[in-house]
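Take a look at the structure below.

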Amino acid sequence: MSAAAEPIGALLSRRWRDPAAWMASADVVAVLLAASLPWSTSLVGIFAVVLVIVMLPTLDGPALLASLKRPACAAPLALFLLALVGTLWSEARWGMRFYAVAPTAKLLLLPLLFHHFARSQRALWVFIAFLASCIALLAMSWLVAYFPDLSLKSKDFASRGIFVKNYIDQSQEFTLCAVVLAYPVLSFLRERRFVPALLLFAISMGFLANMIFVIVSRTALVTMPIMLAAFGLIHLRWRTNIIILVATAVLAGLAWVASPPLRAKITSFGSEYQLYEQGNVSSVGERLEFWKKSLGFFAEAPIVGHGTGSTEGLFIQAAVGQKGLAAEVIRNPHNQTLNVAVQWGVLGILVLYAMWLSHLLMFRGEGLFNWIGLLVVVQNIFTSLFNSHIFDFHEGWMYVLGVGIAGGVVLKASGASASRGADAS
């Protein structure tokens with residue numbers, strides 16, 4: 001019987017039992033998840049649940065269980081389990097304890113992503129979808145900067161080129177895309193394919209120009225030079241690095257002169273610290289106050305911390321009888337290490353750093369996917385000095401998708417290399 005004459009019920013039944021169809025479905029959902037990340041939190045949550053559902057029929061149980069022995073899989077699972085067990089010694093109300101567990105739950109997707117994309121051929125689709133989505137957001141940012149009424153945000157945010165979400169999330173996306181594109185640009189230049197190299201370079205400069213002339217977060221200003229340094233050290237010769245360093249210094253000077261928003265953002269470090277020293281409220285001052293108090297909380301319970309969800313209660317107790325910044329109450333100390341240390345002590349810090357280290361070591365090789373994975377981890381580590389980006393929704397999902405998908409491809413390549421080595425021996 002021809003496929004055209006096959007009854008609909010039989011066709012659906014055959015598709016239902018076809019692992020390749022489920023694999024393709026999971027790839028499509030991953031593409032939709034990545035494309036929605038710059039725009040929506042609700043869609044990300046929906047697609048994440050759907051992704052897990054459509055991956056389940058294709059799982060190789062024994063292989064997945066064996067993969068959990070890898071540090072790259074075991075460490076994120078350990079962080080989730082620590083958060084869950086940490087509810088037992090926390091003094092926070094139970095609702096707050098489980099609320100604090102939720103941000104770690106997305107880490108459970110990492111082993112599934114490793115497992116799926118070690119077998120999929122469509123990992124690049126996901127990253128292209130994310131890049132295309134960020135390019136669309138870049139265009140909207142420029143439009144909103146000149147036509148604030150187009151924004152879905154308040155006029156204050158719209159005037160600074162924010163269409164959806166916030167400038168921190170937008171800067172994280174634009175920074176990652178701008179630096180990641182350096183690798184394919186360099187690859188195309190080495191192959192003397194100048195047209196695609198020029199196109200990708202222009203896109204990268206578009207992201208950079210938006211951050212210079214429209215809006216950028218201070219976190220991005222700190223982390224972008226580190227990411228560029230990583231690119232230079234890994235992929236360029238020392239003479240080329242010197243030339244690029246000089247050119248970057250010149251461009252930075254021109255950007256300083258030409259961009260009042262950039263000057264204001266950089267000089268705000270010093271001015272806000274002075275406000276803090278004078279006892280006034282400022283963003284920099286808030287962070288310093290949060291960190292100082294969090295270090296005190298950590299010292300009170302250094303081994304296993306105060307338990308999951310305890311941060312807000314500790315700040316409430318510390319705010320009694322205080323005024324100004326000292327009376328601020330938060331759930332997040334805006335530093336990933338301190339966020340973990342307050343709740344789970346040295347034990348939590350060791351698990352967190354083990355996860356970062358295992359993921360860094362996973363991306364030691366050459367190739368685009370190694371480069372993407374490495375940059376995602378490096379960006380997360382250094383931005384987590386000023387935020388809790390593993391636990392934050394947007395940046396946390398950037399980490400899970402970037403590390404999970406690139407990691408799956410890298411693990412597949414390393415497995416193939418190991419097989420070839422075994423055959424040769």
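D27 is buried, with a relative accessible area of 0%; buried means under 20%, exposed over 50% and partly exposed in between, using a 1.4 Å probe and protein chains only. This is a predicted model, where local features need pLDDT of at least 70, side-chain atom pairs count only at pLDDT 80 or more, and totals for chains, interfaces and linings use all residues. Residues are numbered from 1 along each chain as its sequence is written, and side-chain values use heavy atoms, with hydrogens and water left out.

So what does D27 pair up with in a salt bridge? Its partner is R122, with the closest N and O atoms 2.5 Å apart. A salt bridge here is a side-chain nitrogen of Lys or Arg within 4 Å of a carboxyl oxygen of Asp or Glu. D27 sits in helix α2 (residues 19-36) and R122 in the loop between α7 (109-117) and α8 (123-146), so the pair ties together parts that are 95 residues apart in sequence. Helices are DSSP runs of H or I with at least four residues, numbered from the N terminus. R122 itself is partly exposed, at 27% relative accessibility.

The salt bridge count comes to four, and the table includes three of them.

| Pair | Closest N and O atoms |
|---|---|
| D27 and R122 | 2.5 Å |
| E191 and R193 | 3.4 Å |
| E289 and K292 | 3.7 Å |

E191 is partly exposed at 48%, and R193 is partly exposed too, at 43%. E289 and K292 share helix α16 (residues 283-300), three residues apart, about one turn of the helix. E289 is buried, at 9%.

The structure holds one cavity of 30 Å³ or more, and about 70 Å³ of space lies in the largest cavity. On a 1 Å grid over the protein atoms alone, a cavity is a set of points where a 1.4 Å probe fits but cannot get out, and lining residues have an atom within 4 Å of a point. Which helix gives the largest share of the lining? That's α19, with four residues.

Finally, the outside. L81, L84, V85, L88, W89, W94, F98, I303, V304 and L347 form a nonpolar patch on the surface, with about 940 Å² of accessible area together. Such patch residues have over 30% relative accessible area and no salt bridge, with nonpolar side chains joined within 5 Å. Helix α5 gives the largest share, three residues. L81 is found in α5 and counts as partly exposed, at 47%.

Methods. Patches are made of residues with over 30% relative accessible area and no salt bridge: like charges are joined within 9 Å, nonpolar side chains (Val, Leu, Ile, Met, Phe, Trp, Tyr) within 5 Å. Accessible areas come from the Shrake-Rupley method with a 1.4 Å probe; for residues, only the protein chains shown count as cover. Helices (H or I, at least four residues) and strands (E, at least two) are DSSP runs, numbered from the N terminus. On a 1 Å grid over the protein atoms alone, a cavity is a set of points where a 1.4 Å probe fits but cannot get out, and a pocket is an open set with protein on both sides within 12 Å along at least five of seven lines; lining residues have an atom within 4 Å of a point. Grid points are joined across faces, edges and corners, and a volume is the space filled by probe spheres set on the points.
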